[in-house]
2 protein chains.
Amino acid sequence: MISKSQISFIKSLHQKKIRKEHGLFIVEGLKSIQEFINSEYVVDSVYCTENLMPKLDNLSRKIKPVGITESELSRISALSTPQAILAVVQIPQQTDLNIKKLDGSFILALDGVQDPGNLGTIIRTADWFGLNTILCSKDTAEVYNPKVVQASMGSLSRVNIIYTDLGDAFSQINIPVYGALLDGKSIYETDFGQEGIILLGNEGNGISEYLIEKINYPITIPRYGKAESLNVAISASIFCSELRRKT
Amino acid sequence: MISKSQISFIKSLHQKKIRKEHGLFIVEGLKSIQEFINSEYVVDSVYCTENLMPKLDNLSRKIKPVGITESELSRISALSTPQAILAVVQIPQQTDLNIKKLDGSFILALDGVQDPGNLGTIIRTADWFGLNTILCSKDTAEVYNPKVVQASMGSLSRVNIIYTDLGDAFSQINIPVYGALLDGKSIYETDFGQEGIILLGNEGNGISEYLIEKINYPITIPRYGKAESLNVAISASIFCSELRRKT
């Protein structure tokens, strides 16, 4: 059973302001919720329709789901086609930038990526390629937006997202900065070595002027056809693939 | 000036059924519309707000835009943030599968890709990497859906999309079929030669059983982390990048 006030509270978590105020966000879909339960995140509550309940044996040892009707689910869900189960999860305290931990690894840095789907897809792709940290400029989309969580397909439970001033962060982290630009060295001819920051810019405007100065290696994905640019999540994935191929 | 009945007609083109009935679809944004005007597509009409009009010198030599108010635009637009200009474009007759033309090239084949954003991003990426043909199974998302057109960022004007039975098409086209699977040879160790079909499956279910039999080379993007899968547009882009790197 779920009360009317609970329904309206969970629904209010679709808004950034309310998420921030209460330190809570929504995760939907069984697989994603299981991954959050098995992660360092704290799952506050789980709401589930009756027909999915019997399939929750493993889940329910750790947390007791609340049964709800499909109509109640559709009211709290942020999806156009709700997935029978929804969890409310605590937003963790942001990890401080631990510079020593980042030595010897590859990390992504996103400068003002705006589209929630792009951010979620980048998190999922980073997780596939074993990149565990993403630095985001403060004007990047909010990672607990339901569309980001959905597109990340559970990978948000494993990838550390740090919102920070990227210029300051680059000064502190003493590893090379590779910038995705339209006029750089071909990515296919680039040796990424053993560590680095891959910097990607905003969908429309690219990388900010003040960050371009901080790039050690401007890198380009060569164009063979006529499209004017690549989607930022696509660029990120080709960088991840190329650096893993070579290391 | 735009009449009420024109507004409601253009708005009705948001629906697949009406697009199909009238053979028309919507393109939004100045850059995309310019690319369609400069392509083989026939642009039927262009609607534009007054503040953009002075910037349309080049465009208007070819076609005379109709001035509309922002409020009228918001009624005919399929975007949450309309982009000052909208065109109604004719759906071309589908090109027949010209097998000889496909010899010696790389083409993508999509088996039931459902998400319009994924399809549009795949078209844009194919265009970047110079792949000019995409075969789509008949249950793939409709390419004239406004979300597909938007995500393709004008590239739809250059990439030839053919809806067909993929099994039959593969039998007719006598070039190797590379299938994106979770248990194949590493893409980094694959020699793609000079031609081939890259087959990618549905977001949730992958490639259909009957098409798996038609795959000559099962190929995998190696996983270095913990995500369960990659987004299909991301997989497509890594295939495009790898085959261009090698050829």
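These are my notebook entries on a predicted model, taken topic by topic.

**Symmetry**

I began with how the two chains relate. I superposed chain B on chain A and got an RMSD of 0.0 Å, with a turn of 180° and a shift of 0.0 Å along the axis. That is the relation of a two-fold axis. I then compared the contact residues. Of those in chain B, 100% recur in chain A, so the same surface serves both copies.

**Interface**

Next I looked up the contact itself. It takes 31 residues from chain A and 31 residues from chain B. Together the chains bury about 3,000 Å². Carbon and sulfur atoms account for 62% of that area.

I searched the interface of chain B and chain A for salt bridges and found four. I looked at Lys31(A) and Glu228(B), whose closest N and O atoms are 2.7 Å apart. Lys31(A) is exposed at 52% relative accessibility. Glu228(B) is partly exposed at 46%.

I also checked for charges over rings. Arg223(A) lies over the face of Trp128(B), 5.7 Å from the ring centre. Arg244(A) lies over the face of Tyr224(B), at 5.8 Å from the ring centre.

**Salt bridges over all chains**

I widened the salt-bridge search. The count over all chains comes to 14. One of them joins the side chains of Arg19(A) and Glu142(A), at 2.4 Å from N to O. This pair links distant parts of the chain, 123 residues apart. Arg19(A) sits in helix H2 (residues 16-22) of chain A. Glu142(A) sits in the loop between strand E6 (133-136) and helix H8 (146-152) of chain A. Both residues of the pair, Arg19(A) and Glu142(A), are buried.

I then turned to helix H11 of chain B. There Glu242(B) and Lys246(B) lie four residues apart, about one turn of the helix. They form a salt bridge, with the closest N and O atoms 2.9 Å apart. Glu242(B) is buried at 1% relative accessibility, and Lys246(B) is partly exposed at 27%. I followed the links further. Glu242(A), Arg245(A), Lys246(A), Glu242(B), Arg245(B) and Lys246(B) are linked in a network of salt bridges.

**Aromatic pairs**

I took Phe25(A) and Tyr41(A) as one case. Their ring centres are 5.9 Å apart and their planes stand at 70°, so the pair is edge-to-face. Phe25(A) is in strand E1 (residues 24-28) of chain A. Tyr41(A) is in the loop between helix H3 (30-37) and strand E2 (43-49) of chain A, and the two are 16 residues apart. Both Phe25(A) and Tyr41(A) are buried.

I noted a second pair, Phe192(B) and Phe239(B). Here the ring centres are 6.3 Å apart and the planes are at 75°, so this pair is edge-to-face. It links parts of the chain 47 residues apart: Phe192(B) in the loop between strand E8 (177-186) and strand E9 (196-200), and Phe239(B) in helix H11 (residues 232-246) of chain B. Phe192(B) is buried at 1% relative accessible area. Phe239(B) is buried at 1% relative accessibility.

I also logged one aromatic cluster, formed by Phe25(A), Phe36(A), Tyr41(A) and Tyr144(A).

**Thr133(B)**

Last, I looked up a single residue. Thr133(B) is in strand E6 (residues 133-136) of chain B. I read its relative accessibility as 10%, so Thr133(B) counts as buried. Leaving out residues up to four places away in sequence, Thr133(B) touches Leu102(B), Ile107(B), Leu108(B), Val159(B), Asn160(B) and Ile162(B).

Conventions: Residues numbered from 1 in each chain as written. Chains lettered and ligands numbered in written order. Predicted model: local features only at pLDDT ≥ 70, side-chain atom pairs only at ≥ 80, totals over all residues. Heavy atoms only, no water. Least-squares fit on C-alpha atoms with pLDDT ≥ 70 in both. Contact = heavy atoms within 4.5 Å. Phe/Tyr/Trp six-rings, centres within 6.5 Å; stacked < 30°, edge-to-face > 60°. Buried < 20%, exposed > 50% of the residue type's maximum accessible area, 1.4 Å probe, protein only. Lys NZ or Arg CZ within 6 Å of the ring centre and 35° of its normal. Buried area = accessible area lost by both parts, 1.4 Å probe.
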